[in-house]
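Please open the structure in a viewer and follow the stops below in order. Each stop says what to select and then describes what is found there.

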Number of protein chains: 2
Amino acid sequence: MRIVIPLFDGFTALDAVGPYEVLRMLPGAETVFAAEAVGPVRDSAKTLALTADASFEEITACDVLVVPGGRGVRDFLADAGLIEWVRRTHATTTWTTSVCTGSLALAAAGLLDGLTAACHWSAAEELNGLGAVYTEERVVFHDERRIVTSAGVSSGIDMALALAGRIAGRTTAEAIQLMIEYDPQPPFDAGSLGKAPQAAKDLLKAGLNR
Amino acid sequence: MRIVIPLFDGFTALDAVGPYEVLRMLPGAETVFAAEAVGPVRDSAKTLALTADASFEEITACDVLVVPGGRGVRDFLADAGLIEWVRRTHATTTWTTSVCTGSLALAAAGLLDGLTAACHWSAAEELNGLGAVYTEERVVFHDERRIVTSAGVSSGIDMALALAGRIAGRTTAEAIQLMIEYDPQPPFDAGSLGKAPQAAKDLLKAGLNR
């Protein structure tokens, strides 16, 4: 089972690495990070680089596609060749998935037309503008379309565990969850727009170090 | 504020990237991945490589040290020079932290002598053998020693958010939590030894694809 995770300048590292750490443990999994060219690809903060071991051109098919998001996804959207690559690769997959603003890339490829989809909360309108229907759910499966979208950044872990359950059964997914000791205990309760206090939202608007 | 994350062959990617994605957003944060030599460093599955932008030799001080774990940590432990580097760097930090079996490196450096500490559940005995006292808690702060340890893999996100709160205040930590949309909704409840069903533990013992 081949899992492909496309990278692009300005991706968000946790969007990619969360699902990677789960899906790579599936029986028979072989994971490949791909990009325009083989070599290091910088995240949005530019302080992290993940290596792409294959070029997009080399990837003609895969079983699971995981498209991460990040501020750089807008350049990705503007590249017709890349969006065509997503569409072409999707035609070969068992599951096409996205995390965070990676959902914008699926939408731009026409894969979410009229479908409810999850995405980073800050890109809800942008997602709707591309033909999808944003929902606040954390993980959205459309089994009949072989598509799963998930909310911002950290949601990719939940998405990947749910997907692991569909692919290899509940016990395997639970074994992976135990392996990564995913028993979340957030010290605060501010992980969604509905839960975050106004002061935290105001601070985000003013701009964090990102 | 300089944050340093050491990498070594066979590290676990999520151990490093979870805290990275949180701490890099702190005001004034500058994050550096370091390793024996500058360049790509492979994780335990060998299908992911993160770039080290500095060598250990170049890092003489930092404010926050985040030591990830992974199967390769045993080679790290066996390298007296590296353990000495941890000890020397700790002398300069405001906070020295570890995720997963990264706690073994802190223990080997003598930083956890007689202290309760968190670690990946599978390495509890090993941790105790190095002078620490394993606890099942997810995140363990020892403020007077400037040390924080956390449990397996995904726990680094909880640790980093708690640390962000200590460093920059609760509202900043909440803003970061909202930014990474950390509102965990695991599809299963198997994230600790106490919660995982026996079948999942048996499957892990038989060996996943890792």
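This is a predicted model: local features need pLDDT of at least 70, side-chain atom pairs count only at pLDDT 80 or more; totals for chains, interfaces and linings use all residues.

**The sheet of chain B**

Seven of them form an open sheet with mixed pairing, in the order β5-β2-β1-β6-β7-β11-β10. At its edges stand β5 (54–55) and β10 (139–142) of chain B; each has a single partner strand, so one side of each is left without a neighbour in the sheet.

Next, select residues 2–6 and 30–35 of chain B, which are strands β1 and β2. These two strands pair in the parallel sense over five bridges. Within the pair, Ile5(B) stands opposite Phe33(B) of β2(B).

Then show helix α6 (residues 155–168) of chain B, which lies across β6, β7, β10 and β11 of chain B. Relative to β7(B), α6(B) runs at about 165 degrees.

**A covered helix and an exposed loop residue**

Staying in chain B, select helix α1, residues 13–23. How many of its eleven residues are buried? Eleven of the eleven are, and the helix is mostly covered. Among them are Asp15(B), Tyr20(B) and Glu21(B).

For a contrast, go to Lys46(B), in the loop between β3 (39–42) and β4 (49–52) of chain B. Lys46(B) has a relative accessible area of 58% and is exposed, because exposed means over 50%. Its phi is near 70 degrees, a positive value in a residue other than glycine. Most residues other than glycine have a negative phi.

**An enclosed strand in chain A**

Move to chain A and select strand β7, residues 95–99. Five of its five residues are buried, so β7(A) is largely enclosed by the rest of the structure. In a regular strand the side chains alternate between the two faces of the sheet. Here Trp95(A), Thr97(A) and Val99(A) are buried on one side, and Thr96(A) and Ser98(A) are buried on the other.

Which strands pair with β7(A)? Strand β6 (residues 64–67) of chain A runs parallel to β7(A) and is joined to it by four bridges, with Leu65(A) opposite Thr96(A). Strand β11 (residues 147–150) of chain A also pairs with β7(A) in the parallel sense, over four bridges; there, Thr149(A) is the bridge partner of Ser98(A).

In the loop between β10 (139–142) and β11 of chain A, select Arg146(A). This residue has a positive phi, near 60 degrees, and is partly exposed, with a relative accessible area of 28%.

**Two helices in contact**

Select helices α6 (residues 155–168) and α7 (residues 170–179) of chain A, which pack at an angle of about 145 degrees with their axes 7 Å apart. The crossing of α6(A) past α7(A) is right-handed. On α6(A), the contact is made by Leu161(A), Ala164(A), Gly165(A) and Ala168(A). On α7(A), Arg170(A), Thr172(A), Ala173(A), Ile176(A) and Gln177(A) take part. The contact residues comprise five nonpolar, three polar and one charged.

**The two chains together**

Notes
Residues are numbered from 1 along each chain as its sequence is written. Chains are lettered from A and ligands numbered from 1 in the order in which they are written. Side-chain values use heavy atoms; hydrogens and water are left out. Buried means under 20% relative accessible area, exposed over 50%, partly exposed in between (1.4 Å probe, protein chains only). Axes are lines fitted to C-alpha atoms, for helices over the stretch in contact, and angles run from 0 to 180 degrees between N-to-C directions. A crossing is left-handed if the near helix is turned anticlockwise from the far one by less than a right angle, and right-handed if clockwise. Contact means heavy atoms within 4.5 Å. Ala, Val, Leu, Ile, Met, Phe, Trp, Tyr, Cys and Pro count as nonpolar, Asp, Glu, Lys and Arg as charged, and the others, Gly among them, as polar. Two strands pair if DSSP finds at least two bridges between them.
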